[in-house]
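Student: Can you walk me through the packing in this one? I'd like to start with the side chains.

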Amino acid sequence: MRPTSSHIPTMELVRELAALEPAEPVLSIYLRTDPRDPANTAQTPGWLVALRNGLRDLGGRLEADGPRDEKLAMRDLHELVEKEILELSPHDRARGLTWFITPDGNLDRRLSLQIPPRDNVVRWDERPYVSPLIDVADRGRPTGIILVAGDAVRLLDWEAGHVFEPDNSLFELELGSWRPYSGYASNQPGRGQQTVTHTEAYERRVEDWRDRFLREAAIATGARLRDLAWDRVLIASDGKVASRFAADLPDHVRERVIAEVEANLLWEEPAAVSERLEPELDAVWARECEALANRAVAAAAGGGDGVSGWAEVLDMLMQGRVEHLVFDATATPDPNHLPGNVLEALGSPTAEMIVERAVERAIASGGAVTAVPAQSTDLLAEVGGVAATLRY
């Protein structure tokens with residue numbers, strides 16, 4: 001069953017959260033709860049240590065110089081948050097967890113993530129802290145998956161680490177139409193079990209049958225994808241049929257293919273498909289980030305519709321001119337190297353909040369935002385870890 005959009009970390013959700021102006025401060029938490037993470041193999045997992053340390057440090061800062069009402073609110077939240085997270089099942093903690101909560105409870109949004117956040121983070125701010133969620137949402141953009149073998153084609157819908165079966169997801173030649181998928185290989189005992197006496201003649205018939213099937217399946221897939229409206233497609237296929245199937249795909253499908261993977265996953269369960277293809281999707285995402293960053297830096301260097309460096313980019317954000325903000329996900333700009341008027345316009349943020357304020361400005365003006373994996377592009381590093389393309 002597909003979760004509702006409010007339970008999947010999408011860019012739409014990021015924009016919704018960034019636009020909120022709660023009456024009380026927001027506690028934002030990101031935890032890498034993936035049990036496969038080496039940091040989580042100790043008796044006390046790394047995410048729990050980070051949560052406790054983050055809450056303790058935050059509470060200490062508020063006790064030292066925070067308003068009285070925030071001190072009291074944080075004391076209550078500290079106990080509530082740790083208790084509730086510890087009571088979650090491993091399934092609900094998933095591979096990552098993010099939680100936005102205000103002391104009055106008017107905002108209480110918790111997401112179980114199948115794509116873990118980059119780091120464990122605890123923040124206390126006037127608005128939800130959304131910049132780490134951009135990375136998760138970007139990596140989890142919806143992608144159609146086409147699984148191909150010599151006897152069937154199956155479609156899956158992947159988003160944010162979840163895999164779903166769309167309606168009418170299986171195409172088999174003997175039926176000549178799409179139908180609901182209703183079982184795995186173990187439920188297909190007769191598949192591929194045929195007895196032949198004339199081996200060469202049989203193999204020729206099999207190849208002719210397979211060519212005809214792949215042509216019809218490619219054409220049928222093109223028609224089906226018009227209904228599904230997939231912008232991105234990944235093809236995973238048996239190596240024996242990959243090139244033949246891809247050659248017969250309609251142009252409108254081929255132009256949306258982001259990767260072709262040699263893997264026979266046709267009858268695998270959705271979770272196994274997602275686990276196998278996650279590295280491929282991550283690699284595509286990293287290449288896309290690098291291309292965006294390099295394009296923005298090149299636009300800035302050419303004196304065109306781009307700027308680079310934190311002072312220049314923040315100035316353009318203040319003017320609402322940024323079309324696409326691209327930054328190193330690990331960047332922490334030094335406020336001592338930024339113009340005083342820019343910092344004042346941002347609300348005089350601390351060093352750890354400058355990127356967050358930049359993201360909020362970009363989102364508020366309708367701009368796109370991309371958090372680039374650390375050290376994925378030398379060009380972005382050379383300009384201080386940030387660049388942007390401009391509207392005008």
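Tutor: Contact here means heavy atoms within 4.5 Å. This is a predicted model, where local features need pLDDT of at least 70, side-chain atom pairs count only at pLDDT 80 or more, and totals for chains, interfaces and linings use all residues. Residues are numbered from 1 along each chain as its sequence is written, and side-chain values use heavy atoms, with hydrogens and water left out.

Student: OK, what is L325 in contact with, leaving aside neighbours within four places in sequence?

Tutor: L325 is in contact with V313, A358, V359, A362, A368, V369, T370, V386, A387 and A388.

Student: And which residues touch the most other members of the largest nonpolar core?

Tutor: W310, L314, L325, F327 and V359 do, in a core of 66 residues. Such a core is a set of buried Ala, Val, Leu, Ile, Met, Phe, Trp, Tyr and Cys residues joined through side-chain atoms within 4.5 Å. Buried means under 20% relative accessible area, exposed over 50%, partly exposed in between (1.4 Å probe, protein chains only). A second, separate core has 20 residues, including W47, L48, A73 and V81.

Student: Switching topic: how many aromatic pairs are there?

Tutor: Four. Rings of Phe, Tyr and Trp (its six-membered ring) pair if their centres lie within 6.5 Å; planes under 30 degrees apart count as stacked, over 60 as edge-to-face and the rest as tilted. F171 and W178 make a tilted pair, 5.3 Å centre to centre with 55° between the planes.

Student: Is F171 buried or exposed?

Tutor: F171 is buried, at 3% relative accessible area, and W178 is buried at 17%. Ring pairs also link F171, W178 and F213 into a cluster.
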